[in-house]
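I opened a new page for this one.

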Amino acid sequence: MKDAFIAFQRCGKHYGSHVVLEKLNASVQEGEFVTMVGTSGCGKSTFLKMLLGTETQTTGKLLFNGQPIVAEPSEDRGVVFQKYSVFPHLSVRDNVALGREFAESPLLGKLFGQKRRQALAEADQWLEAVGLAAARDKYPHELSGGMQQRLAIAQALIKHPKVLLLDEPFGALDPGIRKDMHALILKLWKENNLTIFMVTHDLQEAFYLGTRLWVFDWPQHEAQDSDQHGATITFDLPIEQRDELQASDLEFPENESPVLMEVA
Amino acid sequence: MKHTFTSALAAAAILGSLFSPAALAKDNFKICWSIYVGWMPWEYGDTSGIVDKWADKYDIDIEVVQINDYVESINQYTAGEFDGCAMTNMDALTIPAASGVDSTALIVGDFSNGNDAIILKDKTSLAGIKGQSVNLVELSVSHYLLARGLESVGLSEKDISVINTSDADMVAAFTTDDVTAVTTWNPLVSEITAMPASHSVFDSSQIPGEIIDTLMVNTETLKENPKLGKALVGAWYEIMAGMESDKSVREHMGKASGTDLSGYESQLASTKMFYQAEDAVEFVNSDSLKQTMEYVAEFSFDHGLLGEGAPDAGFIGIETPSGVFGDESNVKLRFDPAFMAMAAEGKL
Amino acid sequence: MKRIINLRPSRPLAVALGIVPFILILMLYSWGSDLRKAENERDKLLPSFTEIQKAVDRMAFTPSKRTGEYLLWQDTKSSLKRLLLGIVIAAMVGLVVGVLTGAIPLAGSHLGALTTVVSMVPPLALLPILFIVFGLGEVSKVVLIVIGITPFLIRDLDQRTRELPQEQLVKAQTLGGSSWQIILRVVLPQVMPRLMDAIRLSLGAAWLFLIAAEAIAATDGLGYRIFLVRRYLAMDVILPYVMWITTLAFLLDWSLIRVSKMIFPWYHTAK
């Protein structure tokens, strides 16, 4: 087995005596699509923040390409939050071009002339890819929720990140729009050889999108309220044949499996 | 919407209080004063009960009110809130008289005899003021003193420029480099002359009897209520007697004005107090008072203080025992020694 | 009958109701003025409209006999110069310090306590010190305005900077932005419209400090004129000056909104 792309080795996170996560052991290969579910407060967002670099594990190791992960957000890990992912004061194009401007203009963070035209042209390609080409001169407040999330994705992808972190990105969208977004994210995942970690509340979505489904929970169910024990990944399900499945085909009666009962 | 309506109601209430016409024959009176060496007797008269005693004697009530802002106290009097107010002869002409409020100097208490001064930095003679900026309270007695001073050395206001400066900040102003000349009054004069390089080059002792501190009373009110005049004058000369003879009275006044006995006595030294009623009567009866008021009227006219409608300095008539200066049909300021004469004769 | 809290005036009614209080005040004033004039025709406390009009003509449209200048415009020019200079300086200081303390935790913990304490100091009480340090000229008047409103602007902008969604700052970092780039391209442009709001809120205080400064030592200015003519109760001059100051303050506030809406359309429509 080749070295893991991302590896958690006995990772834990606690604030003072309050243990949020403990005994996390997992390794992920490049190109996987990991979906994460669990009840509120089970630490899946904290987990995502550790990957993002805004939180640092208290115990254990978190390795990225075999090296300890950089403990602040960086260009190799893109992110899309449920909201506030785009910049309200920039036009759609400028939102996407910003990543290029940061890279090429250290002093002003702003490009001019030929360089700016190049950056905008590249931004246009990504807007094309997410289906926002027509809205490129608008401001974010003129976009619908779904369009804003498309923008946030395009904005992240212009940096060619290896890892894309999605924190309930479609949680606030209407079901119809959500379906379009599913198709989009799968397309982009394949085309750009991304490794995706996605937190969601929607079990169908988790099954449909992921190659791997993680359930976060407290191992000793009785001790759930205790501060002394943290949550961890209690189930790690590989999902096969996703291509043949449609999200609508997945019908899970709520009390059929113990796993599902806990996440529902 | 409702808010603006309530505001309008509040405004109406405030305006309404402005219109309450003052009844002429009455037995409740209010006079006001502000802190100054020559007016501290009113504070003593109020707290010692002397004013109340004399008011009781004539069966009236007199409320003595201290107002922190001198100009505001005169404005309040002019607006009709008070029946009498302590002020200088010049302000009496330019504020109440110019506003058509006929006023009588019931008590002439003192004149400034060095309390007001022109002070220069580094220069030791008044002629050195030429070309400088002078910080002073514009249009006040300081301004008048400056005009008289300039005249005495053959200069005029055109030779200098004036910067209106609040009296409260005059001392601090003089400590800055760009202020080289001030004209002000006591206790500020003694503070400033105590600073290095400052020289008093002209003061009110060089124009004696021109800056006069009085108690002005509404002429009509006084005519209808001679009791008010008698009670106030009676109280005043009882206070004067105590002030002249009793150090503790002066100490009380000094403390009430924010200084101590020696500070107050040094201010008194540059003030010509009329402790005796006869002296005040003699001063008011002299010809020089009319001459002084003519200077004051001319200065006021030159500075537009008599109102835009005034065609000349004599527009407002000023009545003194030695004659009327200006328009006899428009007398609004009167110097009448009658009540002080009663005190001098012991008839109160 | 609906509850009174549910009754809303129609547009023409709302306009009419808005005007009525003003008309009432004018009527009350005119009645009061007549009443006082009946008792003393030279009363100066509530001058008649003709007197006010004459005073306006004298101050605004006739050159002064002494200096040859149109006093109202001269006063307005001087006052606005001081006011705008003070506001611009205060805004720049407030913006720089507020954004730094808001965006950089290290700076925040250092300067936060200081600005909190400084903002409690009543600037008027420090006037003598201001005079000695800055002299009695134009500088100290501008400085008084600056000292008066800068602490508020700093605190407000610090708060507004902290209120920017954390998600945006994280996102900018994942796009490769350095601290400097993020402050320049993400924080600053978003704080600018909030700076306009903060300036509008501090305009009242700025006027107050301006007029206080002009009352203390000046040779011209709107505040200077009011305090000068107050010495002889020239309400016929003071009243139009007060109305003029009110108008200027209103116009300033209005133009700040207009400018902000023009430059930052995303801010005003997104809210």
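**Entry 1: a helix pair in chain C.** I began with handedness. α6(C) and α8(C) cross in a right-handed sense. I note that this is a predicted model.

I then looked up the geometry. Helix α6 of chain C covers residues 138-163, and helix α8 of chain C covers residues 179-216. Their axes lie 8 Å apart, at an angle of about 150°. Angles over 145 degrees count as roughly antiparallel, so α6(C) is roughly antiparallel to α8(C).

Which residues of α6(C) and α8(C) make the contact? From α6(C) I listed C:Lys141, C:Leu144, C:Ile145, C:Gly148, C:Ile149, C:Phe152, C:Leu153, C:Asp156, C:Leu157, C:Arg160 and C:Thr161. From α8(C) I noted several, among them C:Val187, C:Val191, C:Arg194, C:Leu195, C:Phe209, C:Leu210 and C:Glu214. Alanines of α8(C) take part too, including C:Ala198, C:Ala205 and C:Ala213. I sorted the residues of this contact by type: 15 are nonpolar, 3 polar and 5 charged.

**Entry 2: which chains touch.** I checked the chain pairs next. Chain A and chain B do not touch. Their nearest C-alpha atoms are 33 Å apart.

**Entry 3: chain A against chain C.** I counted 27 residues from chain A and 20 residues from chain C in this contact. On the chain A side, β6 (77-80) and α2 (92-104) each supply at least two residues. The largest share on that side comes from α2(A), with 4 residues. The chain A side divides into 14 nonpolar, 8 polar and 5 charged residues.

**Entry 4: chain A itself.** I found 7 helices and 10 strands in chain A. The chain has 264 residues, and 39% of them count as buried. I also looked at contacts in chain A between residues at least 6 apart in sequence. Of these, 69% join residues at least 24 apart.

Entry 5: I looked up the confidence last. The average pLDDT of chain A is 83, and 86% of its residues score at least 70. Where in chain A is the pLDDT below 50? I found it below 50 over residues 244-264. Beyond near neighbours in sequence, that stretch has 25 contacts in the model. Where pLDDT is low, the predicted coordinates should not be read in detail.

Terms used
Residues numbered from 1 in each chain as written. Chains lettered and ligands numbered in written order. Predicted model: local features only at pLDDT ≥ 70, side-chain atom pairs only at ≥ 80, totals over all residues. Contact = placed C-beta atoms within 7 Å. Nonpolar A, V, L, I, M, F, W, Y, C, P; charged D, E, K, R; others polar. pLDDT = per-residue confidence, 0-100. Axes fitted to C-alpha atoms, helices over the stretch in contact; angles between N-to-C directions. Parallel < 35°, antiparallel > 145°, perpendicular 65-115°, else oblique. Left-handed = near helix turned anticlockwise from the far one by under 90°. Buried ≥ 20, exposed ≤ 12 C-beta atoms within 10 Å, placed from the backbone.
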